[in-house]
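I opened the file to look up a few local features. My entries follow the order in which I checked them.

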Amino acid sequence: MSSCGSGPVLQTHLSRNAGTNNDLNVSEVRGLLNYKLSCCVNALLQSFSATTELLDILNKWHPSNGTDKSNVPLQLKNILEAMRNKSYPAPYKDFLNCLYRQAIQRWTEQDADEIFHIILSLTQKQIADAVLAQEISSLYEIKLETQVGCLNCKFIQRMPNSLFSLPLAICERENSLENCINSFFQLQKLADSEKVYCEKCEKKQPSTYELKLVSLPPILCVHLKRFRNDDGFPRKLYNKVTFPETFRTAIFAAGQSEAECLSSDEHYSLYAVVVHKGTTVSGHYTAFISPNQEKMWYYADDNCVRPSTWTDVQGTYGGYRQRYGETAYLLLYRKNS
Ligand SMILES: [Zn+2]
């Protein structure tokens, strides 16, 4: 899978001047060995490692059994600390085994969005501290409201909804993040075969379906849905999806007149991209990471880590010319403080 093989852990150290005091600041992204198709978990760990807010929450937790090998938040905390503190060897095999033991299958192709959700859900569930579990939710949770409108009496049923990642469908032409977001929030008329029970009319009626944004989290994960299942045949969409390095929440504004969270114009900055290369049956995951909010990019391909640039990140937009090449799959944006 990996072009780098499974050699020793390689660490990339880069020095540069920070601020005006000429202090030498050392920045580091730690590579992770590939243990038989663990590239997906590796790429996700790079993105979690760049999410310092997550480790800050985990570090407030002191579990009574500090050696529990089945506890995902404990093993996640251990590996993230090791990736940050440069201890050697990083105990991420314990984290992998912990996931294999209870949630994911060994030696199979994995979906990074699915594993992202499994890791966050188990972390929340097993942390055994309601306050910290809520903090993890609040860090990632996109709050939405599902609105189903009766076309007969215009009554609207409203249901709260929340997601850890924003699942954006991409269409078979060129896409931009903004038009994918607009499509996600667009009002849809449900087919006649999908009539919904209206409590005012007291019977099933032709209806509309719409999602409204309630609030955006400090860490926004965007899932570009490149994998599709057409009548049992899985395929990958290589279509181009452009995305910006920073955006203003105004890009969510179309059709969202009720969203209070958009009243203050906030900015988000991209800091991690989980990338998929290859096809649905033979793929490989890597990650671009910008860990220090200084627009410095690194590229992590399992144990190989090298400095990179925003231009390289833009090379993952996709498009049929780059078929089988690297395409961005998960985008992680951080709300600017
Ligand atoms: Zn009705």
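I took buried to mean under 20% relative accessible area, exposed over 50% and partly exposed in between, with a 1.4 Å probe and protein chains only. The model is predicted, so I note that local features need pLDDT of at least 70 and side-chain atom pairs count only at pLDDT 80 or more, while totals for chains, interfaces and linings use all residues. Residues are numbered from 1 along each chain as its sequence is written, and side-chain values use heavy atoms, with hydrogens and water left out.

Zinc site. I counted as donors the N, O and S atoms within 2.8 Å of the metal (3.2 Å for Na, K and Ca); water is not among the atoms, so sites may look incomplete. I found the SG atoms of C150, C153, C198 and C201 as protein donors, 2.3 Å from the zinc ion. Along the chain their spacing reads C-x2-C-x44-C-x2-C. I then checked accessibility: C150 counts as buried because its relative accessibility is 5%, whereas C153, at 33%, counts as partly exposed.

C180. I located C180 in helix α7, residues 177–184 (helices are DSSP runs of H or I, at least four residues, numbered from the N terminus). C180 has 2% relative accessibility and therefore counts as buried. Which residues does C180 contact, leaving aside neighbours within four places in sequence? I listed L168, A169, I170, N175 and V241, with contact meaning heavy atoms within 4.5 Å. V241 lies 61 residues from C180 in sequence, and their C-alpha atoms are 8.7 Å apart.

Notes
Helices (H or I, at least four residues) and strands (E, at least two) are DSSP runs, numbered from the N terminus.
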